[in-house]
Amino acid sequence: MDCLFCKIIAGEIPSAKVYEDDTVFAFRDIDPQAPVHVLIVPKEHIASAKEINETNSAVVAHIFEVAAKIAKDEGLEDGYRIVNNCGDSAGQTVKHLHFHLMGGREFTWPAG
């Protein structure tokens with residue numbers, strides 16, 4: 001499989017790892033949009049949120065548990081944003097389910 005995130009998880013491509021367990025891998029975004037910008041990805045290859053179903057949905061709950069832990073460890077007491085882009089028109093550039101955890105600055109809605 002020619003998946004960027006699968007290669008990062010496998011250690012074939014270096015990353016700034018923030019967290020890892022049996023289910024997820026989290027690392028710093030190489031093009032951060034906030035002072036804290038961490039990508040949290042399941043180790044199992046799931047192409048996008050469209051592929052979440054009853055057999056793999058527990059990983060999403062675990063990702064949010066990990067996001068809360070990382071946010072606390074990163075000192076994001078004032079709040080943070082979690083973003084998932086699903087599909088090309090939503091801006092998903094890597095076809096592996098991932099969540100952006102961003103914080104350390106004020107955000108506007110819907111973008112910025």
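C6 sits in helix 1 (residues 4-9), where helices (H or I, at least four residues) and strands (E, at least two) are DSSP runs numbered from the N terminus. This is a predicted model, in which local features need pLDDT of at least 70 and side-chain atom pairs count only at pLDDT 80 or more, while totals for chains, interfaces and linings use all residues. Residues are numbered from 1 along each chain as its sequence is written, and side-chain values use heavy atoms, with hydrogens and water left out.

Let us stay with C6 for a moment. Setting aside residues up to four places away in sequence, C6 touches M1, H45 and H96, a contact being heavy atoms within 4.5 Å. The C-alpha atoms of C6 and K43 are separated by 7.3 Å, although the two residues are 37 apart along the chain.

What about the cysteines and disulfides? With a disulfide taken as a pair of cysteine sulfur atoms within 2.5 Å, the count comes to zero. C3 is in no disulfide, and its nearest cysteine sulfur, that of C6, is 3.7 Å away. C3 is buried, with a relative accessible area of 5%; buried means under 20% relative accessible area, exposed over 50%, and partly exposed in between (1.4 Å probe, protein chains only). C86 is in no disulfide either, since the nearest cysteine sulfur, that of C3, is 15 Å away. C86 is partly exposed, at a relative accessible area of 29%.

Now for the interior. A nonpolar core is a set of buried Ala, Val, Leu, Ile, Met, Phe, Trp, Tyr and Cys residues joined through side-chain atoms within 4.5 Å. The largest one here has 18 residues, and V24, V38, I40 and I70 have the most contacts inside it. Two or more residues each come from strand 2 (24-28), strand 3 (36-42), helix 2 (58-73) and strand 5 (99-103). Helix 2 gives the largest share, seven residues. To see the packing around I70, look for V18, Y19, A26, V38, I40 and L101, which I70 touches beyond its neighbours up to four places away in sequence. Apart from this core lies another, of 10 residues, including C3, F5, F25 and V94.

Finally, visit N56, in the loop between strand 3 and helix 2. Is N56 buried or exposed? At 8% relative accessibility, N56 counts as buried. Its side chain reaches the backbone oxygen of E51 at 3.1 Å. Leaving aside neighbours within four places in sequence, N56 is in contact with E44, I46 and E51.

Key:
A polar contact is a pair of N or O atoms within 3.5 Å; within protein, one must be able to donate a hydrogen and the other to accept it, and residues adjacent in sequence count only if both atoms are side-chain atoms.
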